Amino acid sequence: MRLGLRCSLIYAVALLLLGGLAAAVGVPWQMQNDRYDTEIERRIRQLAHLRGTSLGLPAIEDALNRARQDMSGSLYYFQAANPTLAGADLQGRIQQAVTSHGGEILSTQVLGIEEEKGLWKIPVRFRANLTVEGLTGALYQIEGGKPLIIVRQITLNGMRGMIQQRPGGTKGSPSEMRLDINAEFVGFMRKG
């Protein structure tokens with residue numbers, strides 16, 4: 001009987017050792033498999049997103065082509081006898097937008113007119129001072145209409161005595177702050 005007890009004890013210890021070995025190897029292995037499963041699911045979601053994006057690419061290209069065709073319309077270009085007159089027209093539009101929104105034009109200048117793909121690019125630089133609200137309105141008026149005018153560069157600086165005094169000595173809101181504005185706009189004119 002002693003021999004049977006001894007064999008049972010050896011089997012029990014052997015089973016415990018095998019169970020411990022299986023746990024020592026199996027638990028980290030299972031944890032690594034879980035990490036792999038999570039990474040695979042993340043990559044599948046990423047692939048699905050990229051496929052969705054790439055499927056949208058033809059629609060984006062179609063929209064760009066339609067926009068290019070719309071841009072061929074004469075509404076988007078300055079109608080002038082030459083680029084110099086188109087530059088003068090652009091200067092006038094900028095000056096009108098700034099002054100109609102309570103601003104003051106300090107200087108304007110037509111920069112070097114550039115030729116590109118059948119178009120004249122007409123850049124105009126100006127310096128003005130306006131309130132924040134006036135700047136918003138002027139930019140909307142300049143960029144929102146026809147012909148197409150885009151902002152190439154703009155720099156804003158607060159002026160001394162930034163917020164104007166109202167009658168009665170109270171200060172205005174930050175939207176009434178005066179800004180010193182240096183900006184460059186570009187208009188386009190078809191060649192020929």
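Is Phe126 buried or exposed, and at what relative accessibility? At 4% relative accessibility, Phe126 counts as buried, a word that here means under 20% relative accessible area, with exposed meaning over 50% and partly exposed lying in between (1.4 Å probe, protein chains only).

The model is predicted, so local features need pLDDT of at least 70 and side-chain atom pairs count only at pLDDT 80 or more, while totals for chains, interfaces and linings use all residues. Residues are numbered from 1 along each chain as its sequence is written, and side-chain values use heavy atoms, with hydrogens and water left out.

A search of the whole structure finds one aromatic pair. The rings of Phe126 and Phe185 have their centres 5.5 Å apart and their planes at 10°, so this pair is stacked (rings of Phe, Tyr and Trp, the last by its six-membered ring, pair if their centres lie within 6.5 Å; planes under 30 degrees apart count as stacked, over 60 as edge-to-face and the rest as tilted). The pair links distant parts of the chain, with Phe126 in strand S3 and Phe185 in strand S5, 59 residues apart; helices (H or I, at least four residues) and strands (E, at least two) are DSSP runs, numbered from the N terminus.

Phe185, at 0% relative accessibility, also counts as buried, and eleven of the 14 residues of S5 are buried, so this strand is largely enclosed by the rest of the structure. S3 and S5 pair in the antiparallel sense over 13 bridges, where pairing requires that DSSP finds at least two bridges between two strands. Lys121 has Phe188 in S5 as its bridge partner.
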